[in-house]
Structure formats: C-alpha cells, structure tokens
Amino acid sequence: MRKHKAVRSHMKHRFLGVIFLFLIMTVMATPGPAGESLSHGQIDWLNGTIKATGVAHPQSKDSDISVDSQKMLSVAKVSAQQNLLGMIKQLLVSSTDRVDSLVGSDQLLMAKIQELIKNARVIKQAYLSDGTLLITIEFRLWGAFTQLMLPTEVKQIETITPIEPSVEEEKIKIDESRWTGLIVDARGVTLKPTLVPYIFDDLNTQVYGPEFINRDFAVQWGMCGYTSDMKAALKNDRTGQNPLVVKAIRTTGPEQTDIVISTADASLTWSASEHVVILREGRVVVVVEKINKYGMRIIKKLASPRGIS
C-alpha cells in the first residue's frame with residue numbers, strides 16, 4: 001500500500017513538473033516586453049540580447065542531490081547552448097541572408113560563434129517540483145558577435161566636422177540643419193528586424209545602410225534602435241532633442257527587412273548639414289507596431305549609446 005502511495009506521489013510530482021515546465025516554455029514563447037519570441041527563447045532586437053532556455057531532468061529520485069545538481073546544471077547549459085545556436089543560425093543578417101547561410105561551411109567562423117555561445121551567462125535557474133532543472137542563458141548580440149557578422153561594407157569612418165552655416169544662412173534657414181537624429185515611422189507596414197537594415201527612397205536611392213555608419217557604433221549599439229512608442233522615440237538620447245521624423249511607405253527585400261521612404265523625406269534627410277554625423281553614429285530609430293504578424297513586440301524604453309547626445 002505504501003509502495004502504491006509513493007508511486008502515485010512521485011507520478012503526481014512528475015505531472016505537476018511537466019505542467020509547470022509547459023507553462024514556463026509557453027511564457028518564453030509568448031512575446032514579452034521586447035523581442036521576437038521563438039520556441040526556446042526570445043530575441044531582444046532593441047537592447048541586442050538573446051535569451052535561451054535549457055532543461056535537465058534528474059537521473060533518479062534516489063540520486064545524490066549535491067552530485068546530481070552539478071551534472072544537471074551542466075546538462076541544462078548544454079541544452080540551452082544548443083537551443084541558442086539554433087536561434088542564432090536563423091537570425092536575419094540582412095534581407096537576403098541568415099547567419100546559417102553566411103557561415104556555410106566556414107568551420108572557423110562557426111567555431112568562433114560557438115565559443116561566444118559558451119560564454120553566455122546564466123541569468124536564471126529554477127528547480128521544478130519533480131527535480132527538473134530549467135535555466136535561462138543570455139547572449140549578447142552586439143559586440144563580438146556583431147563584429148563577426150557585419151559585412152565589410154561597414155568600415156571605420158574618420159571623424160567629420162559639419163560645416164556651420166553663416167549668420168545670414170542661419171537667419172533664413174529653418175531648424176533642419178539642427179536635426180539630431182532620424183526617426184522612421186514604420187507603423188502600418190510589415191517589418192522584420194535584422195542586423196543590417198537598409199533605407200531607400202521610392203526611386204531606390206540608398207538613404208541609410210552599412211556604408212553610412214561607423215563600424216565602432218554599429219558593433220557596440222547596432223545599426224538602429226526599434227521602439228513601439230513614438231513619444232519615447234522623440235525623447236530618447238539616441239536621436240537627440242530634435243530628430244527628423246519620416247514615414248515608411250513600404251518595406252522591400254525578400255525578407256521585408258528594408259524600409260522605403262518618399263523621395264521628399266529622403267531629400268529632407270540629406271538637406272541637414274549634420275546628416276553625415278547622424279548616419280555615421282547610427283542615430284536612427286524605427287518605430288514599429290507593438291506586435292506584428294511575426295509575433296515581435298518591441299519595448300518602449302530605448303538603449304542609449306554612450307557618447308550620443
């Protein structure tokens with residue numbers, strides 16, 4: 001009788017553990033305050049991080065907890081790292097390439113990515129009622145990984161001092177020469193996040209892309225920020241106190257990652273004497289819908305690159 005009770009109790013704990021694990025994974029797969037949600041984690045395209053989950057089950061209920069916990073942590077880390085690698089492989093680097101296709105058969109590049117994955121830190125771990133261990137690791141998109149994946153077109157650019165307008169010009173010109181950043185209002189169009197976005201006008205002239213930004217800024221902060229709140233975009237440090245706001249009229253490219261604005265808005269962008277500095281330092285923010293058809297939600301608070309004011 002006692003044996004049957006013990007079995008029923010063990011099965012109950014296992015069942016509750018499975019239910020709790022299912023609920024945790026459901027939460028992870030649901031769009032959170034930021035990012036693109038996948039089956040094993042979330043990609044935060046604003047702050048440049050990926051969170052991936054890993055699971056390890058106890059070998060037996062009678063095993064030594066102190067020894068088993070170390071083994072389980074190791075197994076859970078490997079599980080999370082494998083899930084993270086799968087997510088990274090599917091990242092859009094551009095509208096035509098994902099990480100997986102760019103790496104191809106380059107074993108050295110893959111080895112470097114795997115080494116970065118091993119350094120992903122554990123930010124959360126929890127034991128379920130049945131002893132199952134669930135952990136979450138966090139991987140930094142910006143930095144070393146972005147350095148590996150950015151195309152050669154993103155180069156170091158020498159500092160350029162904008163030519164200050166004369167007093168006479170200052171009197172007759174409006175404040176477009178004082179624009180401090182560029183905000184693209186892409187609400188209402190389908191847009192996917194990518195490491196290397198492009199902006200074109202409706203005559204297919206490039207307004208922004210890898211040739212415009214300094215590699216240091218692109219590596220440290222990404223080529224642009226994304227937010228769902230226009231008020232937050234207008235107030236954030238990345239685009240400064242007086243940003244130029246233009247409207248996306250559609251997206252382009254095989255994966256719908258690139259933005260098209262009107263020729264008139266493109267001309268406004270180029271007319272500002274500071275536009276070279278604005279684009280060189282990646283002072284670009286894209287305002288998107290809160291949740292699009294791909295299950296991507298963008299948080300309102302923007303990460304502010306140091307040195308940008």
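Me: Hello! Where in the structure is the place of D185?

Reply: D185 sits in strand β6. Helices and strands here are DSSP runs, numbered from the N terminus: a helice run is H or I with at least four residues, and a strand run is E with at least two. This is a predicted model, in which local features need pLDDT of at least 70, side-chain atom pairs count only at pLDDT 80 or more, and totals for chains, interfaces and linings use all residues. Residues are numbered from 1 along each chain as its sequence is written, and side-chain values use heavy atoms, with hydrogens and water left out.

Me: Why is D185 called buried?

Reply: Its relative accessible area is 9%. Buried means under 20%, exposed means over 50%, and partly exposed is in between, with a 1.4 Å probe and protein chains only. The 9% of D185 falls under 20%, so D185 is buried. In the chain of 309 residues, buried residues make up 47%.

Me: Which residues is D185 in contact with, leaving aside its neighbours within four places in sequence?

Reply: D185 touches M230, V246, K247, A248 and V287. Contact means heavy atoms within 4.5 Å.

Me: What is the place of K192, and is K192 buried or exposed?

Reply: K192 lies in the loop between β6 (182–185) and β7 (199–201). Its relative accessible area is 16%, so K192 counts as buried.

Me: What makes the side chains of K192 and E255 a polar contact?

Reply: The two side chains meet at 2.8 Å. A polar contact is a pair of N or O atoms within 3.5 Å; within protein, one must be able to donate a hydrogen and the other to accept it, and residues adjacent in sequence count only if both atoms are side-chain atoms. The distance of 2.8 Å is within that limit, so the pair of K192 and E255 qualifies.

Me: Which strands make up the open sheet, and in what order?

Reply: The open sheet has seven strands in the order β8-β7-β11-β10-β6-β12-β9, with mixed pairing. Its edge strands are β8 (206–208) and β9 (225–227), each pairing on one side only. From one strand to the next, the twist averages 35°.

Me: How do you know that β7 and β8 pair?

Reply: Two bridges join them, and the strands run antiparallel. Two strands pair if DSSP finds at least two bridges between them, so β7 and β8 pass. Opposite F200 stands Q206 in β8.

Me: How many bridges join β11 to β7 and to β10?

Reply: Three bridges join β7 to β11, which run parallel, and four join β10 to β11, which run antiparallel. D201 has I261 of β11 as its bridge partner, while T252 is partnered by D258. β10 and β11 form a hairpin with five residues between them, and G253 in the turn has a positive phi of about 95°.

Me: What makes the phi of N204 and Q256 worth a look?

Reply: Most residues other than glycine have a negative phi. N204 has a positive phi near 70°, and Q256 has a positive phi of about 55° although it is not a glycine. N204 is in the loop between β7 and β8, whereas Q256 is in the loop between β10 and β11.

Me: Why is the aromatic pair of F139 and F145 called edge-to-face?

Reply: The structure holds three aromatic pairs. In this one, the ring centres are 5.6 Å apart and the planes stand at 75°. Rings of Phe, Tyr and Trp (its six-membered ring) pair if their centres lie within 6.5 Å; planes under 30 degrees apart count as stacked, over 60 as edge-to-face and the rest as tilted. At 75°, the pair of F139 and F145 is therefore edge-to-face. Both F139 and F145 are buried.

Me: What makes the pair of Y208 and F212 tilted?

Reply: Y208 and F212 are 6.5 Å apart centre to centre, with 50° between the planes. Y208 is buried at 1% relative accessibility, and F212 is partly exposed at 29%.

Technical notes:
Axes are lines fitted to C-alpha atoms, for helices over the stretch in contact, and angles run from 0 to 180 degrees between N-to-C directions.
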